[in-house]
Amino acid sequence: QVQLVESGGGLVQAGGSLRVSCAASGRIFSSLVLGWFRQAPGKEREFVAGIFLSGGSTYYADSVKGRFTISRDNAKNTVYLQMNNLEPEDTAVYYCALYYDGSYYERESFGSWGQGTQVTVSS
């Protein structure tokens, strides 16, 4: 039974930075990939960034490439999403989830969703 908890969201001015965290229960990541997704009002939940929990390889959506960095801290069983040069378009609820099957980019391939953390970027 895997439990994910997101934290670290808040209100940030455009151009600022924020780091959100995804803490996993237990001390072992049993899934291959942990992904960050976000959902803005009126929009579908979309992929943001993913990390292969074993080796640490990362991949990103084009919209955040060069601005966001996903990383992991194995000792804390936690994955982070460092968000730099934030834009109002980044405003969304940010979720983390574990991959189980299918595309590495699609929300349908992930499960064990956390409750989400709100990130708001003001102009």
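This is a predicted model: local features need pLDDT of at least 70, side-chain atom pairs count only at pLDDT 80 or more; totals for chains, interfaces and linings use all residues.
1. Leaving out residues up to four places away in sequence, Tyr 94 touches Glu 6, Trp 36, Phe 37, Arg 38, Val 48, Phe 68, Leu 81, Met 83, Gly 116, Thr 117 and Val 119.

2. Tyr 94 also belongs to the largest nonpolar core, which has 35 residues. Along with Leu 34, Trp 36, Leu 81 and Met 83, Tyr 94 is listed among the residues with the most contacts inside that core. At least two core residues come from each of β3 (18–24), β4 (33–39), β5 (46–52), β6 (58–60), β7 (68–73), β8 (78–83), β9 (92–99) and β11 (117–122). The largest share, 6 residues, is supplied by β9. As general background, nonpolar side chains tend to be buried together in soluble globular proteins.

3. An open sheet of 4 strands has the order β1-β3-β8-β7, with antiparallel pairing. Because β1 (4–7) and β7 stand at the edges with a single partner strand each, one side of each has no neighbour in the sheet. On average, neighbouring strands of this sheet are turned by 15° against each other, direction ignored. Within the sheet, β7 and β8 run antiparallel and are joined by 6 bridges; Ser 71 stands opposite Tyr 80 of β8.

4. A polar atom of the Arg 67 side chain lies 3.0 Å from the backbone oxygen of Ser 63. The backbone oxygen of Asn 85, in turn, lies 3.1 Å from a polar atom of that side chain. Apart from neighbours within four places in sequence, Arg 67 is in contact with Gln 82, Met 83, Asn 84, Asn 85, Leu 86, Glu 87 and Asp 90.

5. Strand β5 is mostly covered, with 5 of its 7 residues buried. On one hand, β5 is joined to β4 by 6 bridges in an antiparallel arrangement, and Gly 35 stands opposite Gly 50 in β5. The hairpin of β4 and β5 has 6 residues between the strands, and Gly 42 in this hairpin takes a positive phi near 75°.

6. On the other hand, β5 is joined to β6 by 3 bridges, and these two strands run antiparallel. The bridge partner of Ile 51 in β6 is Thr 58. Here the hairpin has 5 residues between β5 and β6, and Gly 56 in the turn has a positive phi of about 90°.

Note on methods: Residues are numbered from 1 along each chain as its sequence is written. Side-chain values use heavy atoms; hydrogens and water are left out. A nonpolar core is a set of buried Ala, Val, Leu, Ile, Met, Phe, Trp, Tyr and Cys residues joined through side-chain atoms within 4.5 Å. Buried means under 20% relative accessible area, exposed over 50%, partly exposed in between (1.4 Å probe, protein chains only). Contact means heavy atoms within 4.5 Å. Two strands pair if DSSP finds at least two bridges between them. Axes are lines fitted to C-alpha atoms, for helices over the stretch in contact, and angles run from 0 to 180 degrees between N-to-C directions. A polar contact is a pair of N or O atoms within 3.5 Å; within protein, one must be able to donate a hydrogen and the other to accept it, and residues adjacent in sequence count only if both atoms are side-chain atoms.
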